[in-house]
Amino acid sequence: MEVIRQVRIFLLIIALVMIVTGCGNQTIIGNSRPSLDVKPSKEELVVWHTFGEYETHVFESILIPLFEEQYPRIDVKSVRQPYKDELKTWLISRASTNNPPDIIRMDIVWIPSFAQLGLIHPVSGFDDFNELKDQFYEEPLQSNYYNGKYYGVPLNTNTKVSIYNKEMLEASGADHPPETMDEFIEMIENNQFVIGMENFSIWDTLHYFYGLGGMLTDPTYTKATGYLDSEKSIAAVNKLLTLFQNGNLTTSIAKWNGVIEGNSFVIDEGPWFFSVQTPEQIDYINEVTVSAPFPISNGKRAVLGGENLVISKATKHKEAAWTFVKWMTSKEPQTYLAQTGLIPSNKYVELSGFYDQYPYYQTYLDSLDDALLRPTVAQWWDIEEIYGKYFTLIFSGRISVEDGLAQAANEIDQILINKKGR
């Protein structure tokens, strides 16, 4: 009897196991797949940016929800960072520990350095990159080009335009702002007008230097000697120095208020001169000033600025990151960014409806095709520092133009050669 009882228990256990197994695997009964309630995991993208307060509000409360609605398998985490030099160090440090953000909104002049360090992914490797290229203004797109590859796409762009005191312009007898650098210099000298400038950095002076015939490096950005210290470059700096010594160029007048109040005739500035103002202030500025593209010379105007979107080399979500980057440069999000005062990089965004609220837009857009792209070299930060140092020495009278440019050219050559800056 004991044996029979144990056999019954054994058979009962087998039956229970079969029942449980059958409930857990419906394919035993038929060919239908099991019904699973587990949802596929989402991908999270961390985006570092330096948007201003209002721009961040639009990015986080409008753009990210729009994107996540269209791409529900991707979550986007916004991380606002302060725009300062330490940000470059933080990014490099995070990348070296293999913990970078997935996407970075990056100043256009940072691209070559991060590309050379191998920290950002070449987006020209994506199959549909070439389909995307046509939507961008040419110079902003080229700011992403380094050593045969594109390492990002332009998100927003800017340049500088000339802003003239309207009353002084009318007093000169001219019925429009000067269109060329020769006309510009002639108007300044004939009327003893003053150019207002912040300092002698590249951002403030390079377009004047180029406009007067100077050149920083050769066209391929491999050497400065023979270019920065050439006769034409020396003549260009001498002209600026003469204007400075004669009081026609100054860094001692408050730049923005100077042109508004008539203490200087002209300044050159980016769109933030307008975009940070209240509508009432913009109306007043437009009453007392006139904006126009920076005077052209040799086909170029003022320095190009702006920010690009790049993808970290170490991201684990390259395809998702590329999806977000492409979306951010499409017309709908670009139109929302335009409402914050940022100039969109997508040239097909319809901006005519913005001109009443942002009357300065047209002048900047008219200047983009002729904007001066700073050399796309990896050691740009060092070159910028050398340029600013020697220009400051020259304009303070502590070194001659010839010696200053020769020493600057030699130091820049050492950067380009020893550090393989390109």
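Predicted model: local features only at pLDDT ≥ 70, side-chain atom pairs only at ≥ 80, totals over all residues.
**Open spaces**

The largest pocket has a volume of about 660 Å³, and among the 28 residues that line this pocket, Tyr83, Asp107, Asn158, Trp272 and Glu307 lie closest to its centre. Several elements give two or more residues each to this lining, namely the helices H2 (53–70), H9 (202–211) and H12 (272–275) together with the strands E3 (103–107), E6 (153–158) and E12 (305–311). When the residues of the lining are sorted by class, nine are nonpolar, twelve are polar and seven are charged.

The second largest pocket has a volume of about 360 Å³, and 18 residues line this pocket, of which Tyr210, Met215, Lys300, Leu372 and Leu373 are the closest to its centre. Helix H9 supplies the largest share of this second lining, with three residues. By class, the lining of the second largest pocket is made up of seven nonpolar, seven polar and four charged residues.

How many cavities of 30 Å³ or more does the structure hold? There are two cavities that reach this volume, and the table sets out their volumes.

| Space | Volume |
|---|---|
| Largest cavity | about 70 Å³ |
| Second largest cavity | about 40 Å³ |

Around the largest cavity stand Ile108, Val109, Pro112, Ser143, Leu373, Arg374, Pro375, Thr376, Val377 and Trp380, and this lining divides into seven nonpolar residues, two polar residues and one charged residue.

**Two packed helices**

To describe how two helices pack, one gives the angle between their axes and the distance between those axes. Helix H10, which covers residues 231–245, packs against helix H18, which covers residues 401–418, at an angle of about 125 degrees and with the two axes 10 Å apart. The crossing of H10 and H18 is right-handed. On the side of H10, the contact is made by Ser233, Ile234, Val237, Asn238 and Leu241, while H18 contributes Val401, Glu402 and Leu405. Sorted by class, this contact between H10 and H18 holds five nonpolar residues, two polar residues and one charged residue.

Technical notes. Residues numbered from 1 in each chain as written. Heavy atoms only, no water. Axes fitted to C-alpha atoms, helices over the stretch in contact; angles between N-to-C directions. Helix = DSSP H or I, 4+ residues; strand = E, 2+ residues; numbered from the N terminus. Left-handed = near helix turned anticlockwise from the far one by under 90°. Contact = heavy atoms within 4.5 Å. Nonpolar A, V, L, I, M, F, W, Y, C, P; charged D, E, K, R; others polar. 1 Å grid on protein atoms, 1.4 Å probe; cavity = no way out; pocket = protein on both sides within 12 Å on 5 of 7 lines; lining within 4 Å. Points joined across faces, edges and corners; volume = space filled by probe spheres on them.
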